[in-house]
Amino acid sequence: SSDVCSSDLITVGKESAHIAELVENANANIIVHHFSTKGEAIEYMENTKQPDDLILVKGSRGMQMDQV
């Protein structure tokens with residue numbers, strides 16, 4: 001069995017759209033997903049996560065990213 005590792009970046013909100021764009025343009029090995037709301041990001045993660053996935057959430061309390 002071979003391990004497959006992929007790196008995804010999920011950004012949320014208007015203020016982080018430029019981060020998604022910069023990463024997308026700079027690194028073809030990172031799959032970028034940008035969402036307008038944290039609810040959209042949560043829905044995406046709930047529908048795509050796998051049992052062994054590791055998810056690191058970095059965000060502000062103002063965006064309530066601690067709820068993700």
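Visitor: Which residues does S16 touch, not counting residues up to four places away in sequence?
Guide: In this predicted model, S16 sits in the loop between β1 and α1. S16 is buried, with a relative accessible area of 11%. Leaving aside residues up to four places away in sequence, the residues it touches are T11 and H34.

Visitor: Which backbone oxygen lies 3.2 Å from a polar atom of the side chain of S16?
Guide: The loop between β1 and α1 holds S16. A polar atom of the S16 side chain lies 3.2 Å from a backbone oxygen, and that oxygen belongs to G13.

Visitor: Is T11 buried or exposed, and with what relative accessible area?
Guide: T11 is part of strand β1. Buried means under 20% relative accessible area. T11 falls under that cut-off, so T11 counts as buried, at 6%.

Visitor: With which side chain does the side chain of T11 make a polar contact?
Guide: Not counting residues up to four places away in sequence, T11 touches S16, I19, A20, H33, H34 and F35. One of these contacts joins side chains in a polar contact at 2.6 Å, and the partner of T11 there is H34.

Visitor: In which sense do β1 and β2 pair?
Guide: Strand β1 covers residues 7–12 and strand β2 residues 30–35. Six bridges link the two strands, and the sense of the pairing is parallel.

Visitor: What is the handedness of the crossover from β1 to β2?
Guide: The two strands pair in the parallel sense. Between them the chain passes through helix α1, residues 17–26, which makes a β-α-β crossover. The handedness of this crossover is right-handed.

Visitor: Is L22 buried or exposed, and with what relative accessible area?
Guide: Helix α1 contains L22. The C-alpha atom of L22 is separated by 9.9 Å from that of V32, 10 residues apart along the chain. Exposed means over 50% relative accessible area. L22 is above that cut-off and therefore exposed, at 57%.

Visitor: Which residue in β2 is the bridge partner of V12?
Guide: V12 belongs to the largest nonpolar core, which also includes F35. F35 touches V12 as well as I10, T11, G13, E40, A41 and Y44, not counting residues up to four places away in sequence. The bridge partner of V12 in β2 is F35.

Visitor: Which residues form the largest nonpolar core?
Guide: Helix α2, residues 38–48, has A41 and M45 among its buried residues. Both also belong to the largest nonpolar core. That core has five residues: V12, F35, A41, M45 and M65.

Visitor: How wide is the arc covered by the buried residues of α2 around the axis?
Guide: The buried residues of α2 are K38, A41 and M45. They are on the same side of α2, because the arc they cover around the axis is only 60°.

Visitor: Against which strands do the buried residues of α2 pack?
Guide: The face of α2 turned away from the buried side carries the exposed residues E46 and N47. On the buried side are K38, A41 and M45. The strands that the buried residues pack against are β1 and β2.

Visitor: What percentage of the residues in the chain is buried?
Guide: The chain has two helices and two strands, running β-α-β-α from the N terminus. Of its 68 residues, the buried part makes up 18%.

Terms used. Residues numbered from 1 in each chain as written. Predicted model: local features only at pLDDT ≥ 70, side-chain atom pairs only at ≥ 80, totals over all residues. Heavy atoms only, no water. Pairing = 2+ DSSP bridges. Helix = DSSP H or I, 4+ residues; strand = E, 2+ residues; numbered from the N terminus. Right-handed = clockwise from strand over helix to strand, strands pointing away. Core = buried A, V, L, I, M, F, W, Y, C linked by side-chain atoms within 4.5 Å. Buried < 20%, exposed > 50% of the residue type's maximum accessible area, 1.4 Å probe, protein only. Contact = heavy atoms within 4.5 Å. Arc of directions from axis to C-beta. Polar contact = N/O pair within 3.5 Å; in protein donor to acceptor, adjacent residues only side chain to side chain.
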